[in-house]
Amino acid sequence: MGGASLIAAVGAGVSAGCASVPEAAPKKGISLRKEDFYQGGIFDEHGVNHGGRFDVLRATQAYIDCWHRLGYPVYPALAQDDLQQNPNLRFWAVDFAKGDFLKFGMGGVIWVNEVREEYFGHDIYLLPGQSIAEHRHVATHLKAKDAHTGTSYEKDMPAKMESWLVRHGWVYGFSEVGESNLDKFPEAKARLSSLYVTSEPGKNLLHSVHLANWTADAIAHKLPKEGTWHFMMGGEEGAVVTEFANFHDGAGLRFSVPGVGF
């Protein structure tokens, strides 16, 4: 990773994407504009917003619209006006505090995250061409309370290991494990956020340059190696992906782009 040729290729892809590839590259009439998800601020030449406020409610509605198109079951609890205020759901729509929601954002619901039994269930929501921030998981020393009993636990937790099952739509699975084949997916390269490209010569923040196309075909895809960089990008119609994993401790998250937040 980080070779000059790769950096130039990624940088060229990002720049070319701004000029020639629609941010959503939509099918079935999907129309998304970056301006719809920020209040105020200014957009730079790559479409990244600076100084504006991320509109969580509009982002949430975009996911709900996507669910209807994909055929994902919109349970009554998910259809309420402001999911952020539902105490029974851990739902979020985030731009990772970086101002590039349509290229660097996600939605999700954590259905279960049990500290005592150490298991986790999560649905991931991606709009067309939208990517989760590249990240990896490390081992942690956990101090937490069981959500049901209030019992306190303190123990060493392994790095989170995950498998993903595409339920609706399709995604690009990005990994640092495997031979670099990013150039074989120009449409995906063009949709990568400019946040991965730095002004420092020879420095590239993107580690995951092996891509695979994952569809809703009943195959679960496992993280190939513990602690490795990875992320997903939504396909042409967006996607819903179910994640199976051991307990998720947020303290074990590491992002390749500095300053990522929730």
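Reader: How many nonpolar, polar and charged residues are in the lining of the largest pocket?

Author: This is a predicted model. The lining of its largest pocket has 19 nonpolar residues, nine polar and four charged. In total, 32 residues line this pocket.

Reader: Which residues lie nearest the centre of the largest pocket?

Author: Ile132, His135, Glu162, His230 and Glu243 do. By element, strand β11 (residues 162–175) gives the largest share of the lining, five residues. The volume of the pocket is about 450 Å³.

Reader: What shows where empty space is left?

Author: A probe the size of a water molecule is rolled over the atoms, and this shows where empty space is left. Where the probe fits but cannot get out, the space is a cavity. Here there are two cavities of 30 Å³ or more, and the largest cavity has a volume of about 60 Å³.

Reader: Which residues line the largest cavity?

Author: Its lining is made of His137, Val138, Thr140, Met157, Pro158, Lys160, Phe247, His248, Asp249 and Gly252. By class, four of these are nonpolar, four polar and two charged.

Reader: Now the rings. How many aromatic pairs are found in the whole structure?

Author: Two rings pair if their centres lie within 6.5 Å. The search finds 22 aromatic pairs. Such pairs join Phe37, Tyr38, Phe43, Phe54, Tyr63, Trp67, Tyr72, Phe91, Phe101 and Tyr125 into a cluster.

Reader: Which charged end sits over the ring of Phe43?

Author: That of Lys34, at 5.6 Å from the ring centre.

Conventions:
Residues are numbered from 1 along each chain as its sequence is written. This is a predicted model: local features need pLDDT of at least 70, side-chain atom pairs count only at pLDDT 80 or more; totals for chains, interfaces and linings use all residues. Side-chain values use heavy atoms; hydrogens and water are left out. On a 1 Å grid over the protein atoms alone, a cavity is a set of points where a 1.4 Å probe fits but cannot get out, and a pocket is an open set with protein on both sides within 12 Å along at least five of seven lines; lining residues have an atom within 4 Å of a point. Grid points are joined across faces, edges and corners, and a volume is the space filled by probe spheres set on the points. Helices (H or I, at least four residues) and strands (E, at least two) are DSSP runs, numbered from the N terminus. Ala, Val, Leu, Ile, Met, Phe, Trp, Tyr, Cys and Pro count as nonpolar, Asp, Glu, Lys and Arg as charged, and the others, Gly among them, as polar. Rings of Phe, Tyr and Trp (its six-membered ring) pair if their centres lie within 6.5 Å; planes under 30 degrees apart count as stacked, over 60 as edge-to-face and the rest as tilted. A charge sits over a ring if NZ of Lys or CZ of Arg is within 6 Å of the ring centre and within 35 degrees of the ring normal.
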